[in-house]
Amino acid sequence: MIRIVTDSTCDLPRHYIDRHGIVVVPIVILFGEEVYLDGQTIDSPTFYRKVKEHGTLPKTSQPSPGDFATTYRKIAAESPGDQILSMHVTGKLSGTCGSAEMAAAMVRDEIEVQVFDSMGGSAGLGYMCIEAARMAEAGASMPEVLARMAHIRKGVNLYLSLADLRFAQMSGRG
């Protein structure tokens with residue numbers, strides 16, 4: 001069976017994660033000296049409240065190779081013989097794929113891990129994870145799932161509409 005691992009930039013609602021057994025490794029969010037794990041020790045309402053309190057956006061950091069290796073090893077222990085498709089936010093914006101690739105090399109004798117750069121993030125990555133999970137549930141092979149993800153990746157476009165420019169200004173984009 002193929003197991004899907006992703007990072008918290010996928011923005012998937014909890015019910016999709018639970019329904020498809022998707023494993024989410026959180027990114028690290030830093031508000032000054034305060035350290036949070038996205039979706040685990042901080043939720044969206046708290047995040048936005050803290051942005052208002054601090055008047056600035058937090059710094060973020062990708063999960064470490066050790067974080068991914070721990071996740072991969074846990075899956076290997078729970079489900080010997082499974083494979084992992086580790087799908088992540090684009091390497092153009094984050095080092096997350098690089099961390100996942102280092103971790104895959106660290107565990108290569110324990111479990112097969114294929115790392116896939118979504119070339120996007122947020123809902124685009126989330127929808128790709130759901131499709132990959134559905135394919136895995138239907139018995140698709142790793143090459144079949146990877147080929148489908150590569151096809152989907154070419155056609156994913158996200159359009160955003162901002163309610164106001166406050167956060168864009170904070171990030172230097174407004």
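Me: What share of the contacts in the chain join residues at least 24 apart?
Reply: 68%, counting contacts between residues at least 6 apart in sequence. Contact means heavy atoms within 4.5 Å.

Me: What kind of model is this?
Reply: This is a predicted model, where local features need pLDDT of at least 70, side-chain atom pairs count only at pLDDT 80 or more, and totals for chains, interfaces and linings use all residues. Residues are numbered from 1 along each chain as its sequence is written, and side-chain values use heavy atoms, with hydrogens and water left out.

Me: Which strands make the open sheet, and in what order?
Reply: Four strands, ordered 2-1-6-7, with parallel pairing. Strands are DSSP runs of E, at least two residues; helices are runs of H or I, at least four; both are numbered from the N terminus. Two strands pair if DSSP finds at least two bridges between them.

Me: Which ones are the edges?
Reply: Strand 2 (23-25) and strand 7 (112-117). Each pairs on one side only.

Me: How many bridges join strand 6 and strand 7?
Reply: Six, in the parallel sense; strand 6 covers residues 83-88. I84 stands opposite V113 in strand 7.

Me: What does helix 5 touch on the sheet?
Reply: Helix 5 (residues 122-137) touches strand 1 (2-7), strand 6 and strand 7. Its direction makes about 170 degrees with that of strand 1. Axes are lines fitted to C-alpha atoms, for helices over the stretch in contact, and angles run from 0 to 180 degrees between N-to-C directions.

Me: Switching topic: how much of the chain is buried?
Reply: 40% of the 174 residues. Buried means under 20% relative accessible area, with a 1.4 Å probe and protein chains only.

Key: Buried < 20%, exposed > 50% of the residue type's maximum accessible area, 1.4 Å probe, protein only.
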